[in-house]
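Please study the sequence and the structure before reading on.

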Amino acid sequence: MNFIRPALPAADELRDRFRSVRAHSLALAAPLSAEDQCIQSMPDASPTKWHLAHTTWFFETVLLQLHADGYRVFDPRFHYLFNSYYEALGPRHPRPQRGLLTRPSLDEVHAYRRHVDEAVDALLCGAREDDWVAIEGIVTLGLHHEQQHQELIVTDILHALSCNPLMPAYRAATAPVLRLASVAPAMRWLSQPGGVVEIGHGGAGFVFDNETPRHAVLLQPYAITDRLVNCGDYAQFIADGGYQRPELWLSDGWAAVQAQGWRGPAYWLAPDDPRLAHQGASAGWQVFGLHGVRPLEAGAPVSQLSFYEAAAYAEWAGARLPTEFEWEAAHDASGISQMSGHVWQWTRSSYDPYPGFRPLAGIAAEYNGKFMVGQLVLRGGSVATPDGHTRPSYRNFFPPAARWQFSGLRLAKDL
């Protein structure tokens with residue numbers, strides 16, 4: 001058979017990374033009951049159990065069935081159940097009905113993960129040298145794919161728990177709420193010169209295909225804020241009648257406000273919200289988050305905003321949202337902060353292909369390119385984004401009405 005082990009450091013490093021990422025998915029699910037992990041609160045969200053199975057299906061289908069000699073499929077029926085949107089791989093269970101999959105059980109999904117993990121581990125230990133480049137590329141893509149689903153595990157279950165009138169916490173807080181008297185620093189404007197800038201990924205390391213190719217963009221001089229819009233800023237917008245003033249809103253946004261009855265960000269609870277009745281009278285807004293219901297923190301970045309809300313706030317503030325190119329060009333600007341690790345930041349850019357874009361080859365061609373219509377780009381990364389997953393060129397994307405993600409904004413303006 002002439003099996004040749006790849007260079008020891010590369011193989012061991014990838015295997016350790018594989019084990020770490022896979023273990024983190026289970027750690028994120030650990031605070032949840034089996035009932036929690038089966039629920040689907042809306043068509044755009046998926047059950048935790050489905051995320052755990054789908055990320056496993058990816059390694060089984062795209063890696064093991066093509067590169068592991070003699071691999072035994074765990075259950076052929078899972079191919080239909082846990083495909084997401086890959087048309088090239090055949091039909092699949094309808095996305096809005098994933099919450100109906102009470103079977104397979106959570107224990108079976110965990111057994112599926114163990115079966116696939118053992119096979120991937122064996123493959124990484126004994127891959128042919130000629131196959132190593134392909135195997136390493138697929139495993140690396142699969143790990144970044146799983147990290148995307150790790151973020152979705154958190155955001156999707158938070159939405160599901162928000163629908164429960166008990167408003168249960170995803171996990172207990174490690175410390176009590178600190179009611180600090182300090183005021184967040186005033187927002188500062190950072191002038192940027194514009195000109196011709198290089199946008200997109202350049203250099204070594206993993207990137208998704210939608211971050212390429214690197215290309216030149218002409219920017220007019222602009223200014224961008226040094227920090228994100230925080231909850232205290234946004235509360236002023238609400239107090240000034242922001243949700244009752246149609247002149248601030250894009251037409252589709254105003255229609256969403258009227259149809260959905262929006263009064264504030266998705267998980268803000270007004271003092272008269274009946275779900276707060278058991279807590280007694282409240283003096284102000286409460287916010288539902290990963291640690292349950294807590295008093296609004298004025299200095300925390302505002303989150304769970306749609307693009308429409310972000311654009312309306314910018315209009316109210318006499319500013320606008322930055323383009324994704326302005327955001328990337330300012331990423332390392334002197335004095336700028338909160339560029340990643342807080343909330344995804346809406347931009348004014350449509351999710352379009354870069355000049356000369358070509359999707360990945362093979363099955364992965366369906367990963368990004370076919371979604372390049374009707375969506376807006378977000379940049380940065382949120383509190384739910386796994387460490388090391390993002391970079392300045394990373395392009396997230398959602399439709400403009402989406403607001404169950406950890407999404408917020410910073411402001412820009414022309415000079």
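What volume does the largest cavity have? The largest cavity has a volume of about 40 Å³.

## Basis of the report

The model is predicted: local features need pLDDT of at least 70, side-chain atom pairs count only at pLDDT 80 or more, and totals for chains, interfaces and linings use all residues. Residues are numbered from 1 along each chain as its sequence is written, and side-chain values use heavy atoms, with hydrogens and water left out.

## The cavities

A cavity is a set of points, on a 1 Å grid over the protein atoms alone, where a 1.4 Å probe fits but cannot get out; lining residues have an atom within 4 Å of a point. The structure holds two cavities of 30 Å³ or more. Among the residues lining the largest cavity are Asp 36, Pro 47, Thr 48 and Asp 156. Helix α5 (residues 132-162) gives the most to this lining, with three residues.

The second largest cavity contains about 30 Å³ of space. Its lining consists of Pro 47, Lys 49, Trp 50, Phe 82, Arg 98, Leu 101 and Pro 104.

## Helix α2

Helices are DSSP runs (H or I, at least four residues), numbered from the N terminus. Helix α2 covers residues 48-67, 20 residues in total, and reaches 28 Å from its first C-alpha to its last. Of the 20 residues of α2, 17 are buried, so the helix is largely enclosed by the rest of the structure. Buried means under 20% relative accessible area (1.4 Å probe, protein chains only).

Definitions and conventions. Helix = DSSP H or I, 4+ residues; strand = E, 2+ residues; numbered from the N terminus. Expected span 1.5 Å × (residues − 1). Buried < 20%, exposed > 50% of the residue type's maximum accessible area, 1.4 Å probe, protein only. 1 Å grid on protein atoms, 1.4 Å probe; cavity = no way out; pocket = protein on both sides within 12 Å on 5 of 7 lines; lining within 4 Å. Points joined across faces, edges and corners; volume = space filled by probe spheres on them.
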